[in-house]
Structure formats: structure tokens, C-alpha cells
Amino acid sequence: MNLEHLNALKKLLSSPKKIAIIPHKNPDGDAIGSTLALWHYLSNNGHSATIVAPNDFPKFLKWMPGAQQILNFERENSQSKTVINEADIVFTLDFNHLGRVGQMSEILESAQATFVMVDHHQEPSDYASIMYSDVSMSSTCEMVYVLINQLGDENSINPDMANCIYTGIMTDTGSFKFAATTSNTHRVVADLMDKGAEGTEIHHRIYDTNSPSRLHLLGCALKNMVILNEYATAYITLSQEELDKYNYQKGDTEGFVNYGLTLDGIKFAVIFIENKEEGIFKISFRSVGDFSVNDFARKHFNGGGHTNAAGGRSEDNIADTIAKFTALLPLYKNQLQS
Ligand code: 5GP
Ligand code: MN
């Protein structure tokens, strides 16, 4: 965070405040890890802080210290609204435009609080008066670590916070392998281990949680994969019917999209997952190298994210969605083949 914004934040936090902390919809390890770490930090420093998530999050994140305290805007609607309306400060973490919180955006737009953004996605919008946006960061969790250091409170990072921050860095970097993993990321992680983060245990709790039905759903997804070697592209579709057949639980499809990239020569991997209730296909895009899935998602599928990992949506049926997608590929043929 630059000095001007840092000083403004220090001043704000110099007396006890009512604070709402908001992750994006369908929160992942980084969103839950960063909001929880910040929540511990602020609560331990005399503030009255509450995390309000737009909706529920996967079971494999529920072990995280403090996770039971998170309000679910869909389930605890009036309590959530009160927290946001009464907040002096609203921290938004791991997203950078209010459309990312779904139904909650309206109430955030009318909130009177001072907004603080901490985020590593590209092209932030300008709703926050205090901004910490850095697209070179591996994760929002790494940014929360840096921010706490900048506030001069690195010694207040306890084992619970270290575990939360470690989790988000681990999940957002694909266990320290994606391109955004820097030497500094490793230094942060080393310090977190010194502060009590249990890396092996965290890895186990996040990744060794398969149910038989999730593995069968993965089998179905892999069977459905279409490989377009001409465009160095592989895509997967999962219909609501297939999700239902394998007893889909929130979080079950996490990581499926990455399998496309394990194919030799494939640079662009996509998964289209039906959500009948919302009447949409949720889409995840992944790439290796220079091909920007952030640009692709933003331009064609009402989404965004990072250069190599982005998401979006389609309101068309599956046939039209796939037709639109495959018709776009020739426009990117040069980029995908280079
Ligand atoms: P995932 O595919 O795992 O849902 O998301 C990949 C990345 O893209 C994450 O950083 C996520 O925050 C971002 N992302 C996912 N869906 C959307 C979307 O609909 N809009 C935008 N702007 N970003 C998204
Ligand atoms: Mn993130």
C-alpha cells in the first residue's frame, strides 16, 4: 500500500471501529484465508469486526480458525445487512469490482463506510477510497501479510493467522507452482511457518478431502473433455444433470479445469459448469504463457481475473455457449499457437 493510503488507514484504525470484511461470491481459499486473517488481526486489536460472505463456501475450508463466525449473506440476511449498514469501515478482499459479490452489491453501494480494497486482480474499479491493489502479488493472503507488516504489527501474527494466510497463498499459487509465485512469496511462507503455520496439515485438510462421488464426477468431467489441438485448447462441460448424478457439493469441481493444461501442447483450458438455479454456465479459464484469459473472459464472457486464471459466465444454453466459444478460437489462433 502506498504511503498516503497507508497513513489514512493507520489513522482510521487508531481508534476502535465497526468493521465489515467482505470476500467475493463463491469464496475460495484465498478469499476465506485473507478475510479470516484480517478478522483475527482487527479483532485482536480492539475493533469490532465481522466477515460477511455473499454465499456459502466449500466444506474443505470450514476447519479454518474463525470460519464458524463468518456470516452468510444469503442465510443470515438481516444480520448481514445490519453489519454492513453500521460499519465505519468496509474491507473488500480478493476482488476489485462490486459486481463480484452478486446480490450483495446493492447494499455495499449504499453503505456509508470508508471502503478499503485489498486485491491482486487486474483492472480495479474505483469504489474504494483506500486502495491496495497489486497484480504482481501471488494472492490476497500475501498482501494481508505485507499490510500487517506495513502497519508495524508483524509480531501480532499468531498461529491461527499464519494458518489462514498460508492456506490462501497455497491455494492461489497451486501449491507454490504458478507463475505469480515469487521468491518473496517463499520468504513470506517461511516466516509463516516460523509463526506456526502447519504446511503439511493444511495441504492434507484442503486436498485430501475427496469423496467417492467427487472422484466419479472428475471421471465424468475428464470423459467430457474436448481437445482442440489446432488451437492448443481443451475444454470440459458439466451439465446440471451430471452434477446431480454425482451428488455435487460446493467446491467439488475445484481444480478440474487444470487437467486440460496437463496435456502436452495445451495452452488454454476451460470448464463450463451449469448452474440451473441461476440459469447460467459458470466458466473457468486457465492458460500458460502470454495468452491472457483475463482479456478473453472480460471481452467475451462477462468476467475477468488474472492473465493465467480467470472466470466468467454465460446465460446461453450449452450448445450456444460452446458454439460462441469455438467460433472465437480462430481469432486467437496465432496467440495460441505461438
Ligand atoms: P475461478 O475460475 O477459480 O472461479 O476464478 C479464477 C480467477 O478469476 C479468480 O481469481 C477469480 O477471482 C476470478 N473470477 C472468477 N469468476 C469471475 C467473474 O465472473 N468475474 C471476474 N471479474 N473475475 C472472476
Ligand atoms: Mn486470490
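**Entry 1: after helix 11.** I looked up the backbone just after helix 11 and found that Asn302 takes a positive phi of about 55°. Helices here are DSSP runs of H or I with at least four residues, strands are runs of E with at least two, and both are numbered from the N terminus. The model is a predicted one, in which local features need pLDDT of at least 70 and side-chain atom pairs count only at pLDDT 80 or more, while totals for chains, interfaces and linings use all residues. Residues are numbered from 1 along each chain as its sequence is written, chains are lettered from A and ligands numbered from 1 in the order in which they are written, and side-chain values use heavy atoms, with hydrogens and water left out.

**Entry 2: helix 11 itself.** Within residues 293–300 I noted Val293, Asn294, Phe296, Ala297 and His300 as buried, that is, under 20% relative accessible area with a 1.4 Å probe on protein chains only. Their cover includes strand 9 (268–275), strand 10 (280–287), strand 11 (304–305), strand 12 (309–314) and helix 12 (318–328).

**Entry 3: domains.** The domain assignment, automatic or from a database, gives domain 1 (3–207) and domain 2 (212–337). I read 27 Å between their C-alpha centres. Eleven residues of domain 1 are in contact with ten of domain 2, contact being heavy atoms within 4.5 Å.

**Entry 4: manganese ion (ligand 2).** I listed the protein donors as Asp30 (OD), Asp94 (OD), His120 (NE2) and Asp172 (OD), at 2.1 to 2.4 Å from the ion. Donors are N, O and S atoms within 2.8 Å of the metal (3.2 Å for Na, K and Ca); water is not among the atoms, so sites may look incomplete. The sequence spacing of the donor residues is D-x63-D-x25-H-x51-D. Asp94 lies in the loop between strand 4 (89–93) and helix 4 (105–109), and His120 in the loop between strand 5 (114–119) and strand 6 (130–133), so this pair ties together parts 26 residues apart in sequence. Both Asp94 and His120 are buried.

**Entry 5: cavity.** A cavity is a set of points, on a 1 Å grid over the protein atoms alone, where a 1.4 Å probe fits but cannot get out, and lining residues have an atom within 4 Å of a point. Among the lining residues of the largest cavity are Leu38, Tyr41, Phe91 and Ile148. Helix 2 gives the most to this lining, with three residues.

Key: 1 Å grid on protein atoms, 1.4 Å probe; cavity = no way out; pocket = protein on both sides within 12 Å on 5 of 7 lines; lining within 4 Å. Buried < 20%, exposed > 50% of the residue type's maximum accessible area, 1.4 Å probe, protein only.
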